Amino acid sequence: MKPVYENPKIEEGINYSQEHPLKEFVELLLGVGAAILIALVVVHYSAGYLAKQIPFEYEQRMLSSLDLSSLDLGDLIDAEEDKGDGKANDYSAQEDFLQSLANKVAAEMDLPDGMTIKVHYSNSDTVNAFATLGGNLFFFKGLIEKMESEDELAAVMGHEIAHIKLRHPMVALGKGVTLAVLAASVSGASGSSAGEWLVGSSAQLGMLKFSRDQEKGADAESAKALSSLYGHIGGADSLFKHFAELEDSAAMDEDVNNDNKTKGREDPSAIAQIFRSHPYSEDRWTNLLRLAKQDGWSTRGSLKPLDFPSVSKVVELEKNGGMRE
Amino acid sequence: MYEIGIIIVMLIIGYSFGSIREKAHFKSIFERESKYQDILIFNQKTSPSPATEGGGEMVQGNVVVSVDYFKMFVSGLRKLVGGRLTSYESLLDRGRREALLRMKAQARTMGANAIFNVRFETSSISKGAENSIGSVEVLAYGTAIKQMG
């Protein structure tokens, strides 16, 4: 019998899926998202715990190979300001002042053996101070100019030293490195940006939350030191009051500039908070007052005036061929 | 945080344009498949009945087609857990059918009514290079003849 040669019409949907593509997308996003979330939580806690077990000495040794003194952030910024005479400004008076305040505050903070604090000064207008690996603190001129008393500066100092004491820079490094490895593995396995994006964005939110918790922890340590150093925590109290006011006026400025009806600070919703690395000063202030009540710290007391060596004096000395190197 | 916004926008663009294109393509494939229904195709090497005139002519249909961002994203997630890569399945199905239709269109211009020894070649254009959208080339070819029913 002669075979029949024909091309009948074949039913659709055999070689491809007729399921709605969004269904698969949602299923995968939820499934993979949940798995990544679990992995992140595990990494977050284990890396945080393990990083604290690394002796502080190792942290310092790791940095010593970098020779931080030559990498000094202050020097880098000063070098830019240098008018081409090849010599950087000398801020040793400022650094000495900050260092002795740091030593005073650190003495009240019950630091573990072998933990030392080194303060660096930067003559930049940035309103900031930060703590980093190896017990190094950086203070910017912009921040110091905003301080109205020694107590306020000591409150900031205590806060930064607390970051060192609680090993926050090391914990952040540990978590950062582990998360980077996790993100790279997931992205390598998926061969696309999808996995990396999932890890990256959830880790980012996680890190912000983690950083806000750290700030609260550092505030508590700082207030404790302030109370034993000055007998009251008036410095921290006025610092937060001061910063809350600054934030309000900054929000107002933004409001005027953007002609925006919703004011930044007037909507302290959870969503707005989750995108910030620091909690709002007003919330930190409330937190501080709660702690003060709990631990019986006085928030009132006379504030010591700030006698920070001014930079212009140093520059004058330099012009007369004085302390220059 | 801006990255998330950019990716969401890319996903929406990819999904909306991609599904519009895919729907339109399938519609056109269905239409042309019935239009060329009378040209029969087989992978058998020779025709059982002799050609009415001349010998065989080589005909070919070639198509290059790409996935959209949305499909690439979904397949990236899929690759983490394994399973059917449905987003690429429909892409390849469209590619093969389109290549066959183009081959049939070529056969039609020759007045042929059957194609024997039909073969497919599929090759990846992107070769899995990172950050590139997956695209494939599908080539279908065969020997077109005019035969008695």
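What share of the contacts in chain B with a separation of 6 or more comes from residues 24 or more positions apart? The figure is 84%, where contact means C-beta atoms, placed from the backbone, within 7 Å.

Hi everyone, some housekeeping. This is a predicted model: local features need pLDDT of at least 70, side-chain atom pairs count only at pLDDT 80 or more, and totals for chains, interfaces and linings use all residues. Residues are numbered from 1 along each chain as its sequence is written, while chains are lettered from A and ligands numbered from 1 in the order in which they are written.

Let's stay with chain B. Its pattern along the sequence is α-β-β-α-α-β-β; helices (H or I, at least four residues) and strands (E, at least two) are DSSP runs, numbered from the N terminus. Of its 149 residues, 28% are buried, with 20 or more other C-beta atoms within 10 Å; exposed means 12 or fewer, and partly exposed is in between.

Now to chain A, and a helix pair. Helix α4 (residues 92–107) of chain A packs against helix α6 (residues 150–165) of chain A at about 65°, with axes 9 Å apart. Those axes are lines fitted to C-alpha atoms over the stretch in contact, with angles from 0 to 180 degrees between N-to-C directions. So α4(A) and α6(A) are roughly perpendicular, the class for 65 to 115 degrees. On the α4(A) side, Leu101(A) and Val105(A) are among the residues that meet α6(A).

Finally, backbone angles. Most residues other than glycine have a negative phi. Asp110(A), however, has a positive phi near 60°, and Asp110(A) is exposed. Asn117(B), in strand β3 (residues 114–124) of chain B, also has a positive phi, about 55°. Thanks, all!

Terms used:
Contact = placed C-beta atoms within 7 Å. Parallel < 35°, antiparallel > 145°, perpendicular 65-115°, else oblique.
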